Amino acid sequence: AAAGLRAPTAYLPSLAGILAGEPGGDGRPADGGERLLAAIVLKNAIPAVFGAQAALPEDGGAGGGDGPPAVDAETLRRLREETAGVRSALPALLFRESDETVALHLSLAVSNAALF
């Protein structure tokens, strides 16, 4: 899982943007089904992304042996910014959500983020 962290892709922030109502590539905000899917994927991705980041050494690591791969300082900084941004956006997304099912998955996403 940590090998995918070499180049943050803004995957989680993109999902949070969908839930926040930001327009997509076609210029329109996501509909209810797309928002629900984004909430489910976000909830399920948080443990993998946050957990892989937590496994990285503070300095990015040496990248040898059985440990996590080395991550350059810029990639590590961007990854931490992305996860911090998602972590701070989750409560606002949850409390303004009107769809009960989307809100349920957002509350589970908040719980998952709290584990890391």
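Visitor: Which residues are buried in α1?
Guide: In α1, Leu 12, Leu 15, Ala 16, Gly 17 and Leu 19 are buried, where buried means under 20% relative accessible area, exposed over 50% and partly exposed in between, with a 1.4 Å probe and protein chains only. Helices here are DSSP runs of H or I with at least four residues, numbered from the N terminus. This is a predicted model, in which local features need pLDDT of at least 70, side-chain atom pairs count only at pLDDT 80 or more, and totals for chains, interfaces and linings use all residues. Residues are numbered from 1 along each chain as its sequence is written, and side-chain values use heavy atoms, with hydrogens and water left out.

Visitor: What do the buried residues of α1 pack against?
Guide: They pack against α2, α3 (73-95) and α4; contact means heavy atoms within 4.5 Å.

Visitor: And how do the axes of α1 and α2 cross?
Guide: The axes of α1 (residues 11-20) and α2 (residues 32-54) cross at roughly 150° and come within 9 Å. Those axes are lines fitted to C-alpha atoms over the stretch in contact, with angles from 0 to 180 degrees between N-to-C directions. The two helices are therefore roughly antiparallel, a label for angles over 145 degrees.

Visitor: Which α1 residues make that contact?
Guide: On the α1 side, Tyr 11, Leu 12, Leu 15, Ile 18 and Leu 19. The α2 side includes Ala 38, Leu 42 and Phe 50. Across the contact of α1 with α2 there are 13 nonpolar residues, no polar and 2 charged.

Visitor: Switching to α4: is Val 102 buried or exposed?
Guide: Val 102, in helix α4 (residues 100-114), counts as buried because its relative accessibility is 0%. Leaving out residues up to four places away in sequence, Val 102 touches Leu 19, Arg 35, Leu 36, Ala 39 and Glu 97. Val 102 and Leu 36 are 66 residues apart in sequence, yet 5.2 Å apart C-alpha to C-alpha.

Visitor: OK, charges. How many salt bridges does the structure hold?
Guide: There are 5, each a side-chain nitrogen of Lys or Arg within 4 Å of a carboxyl oxygen of Asp or Glu. Asp 26, Arg 28 and Glu 34 are linked in a network: Arg 28 meets Asp 26 at 2.9 Å, N to O, and Glu 34 at 3.1 Å.

Visitor: What about Glu 74 and Arg 77?
Guide: Their side chains meet in a salt bridge at 2.4 Å, N to O. They sit 3 residues apart in α3, so about one helical turn separates them.

Technical notes:
Parallel < 35°, antiparallel > 145°, perpendicular 65-115°, else oblique. Nonpolar A, V, L, I, M, F, W, Y, C, P; charged D, E, K, R; others polar.
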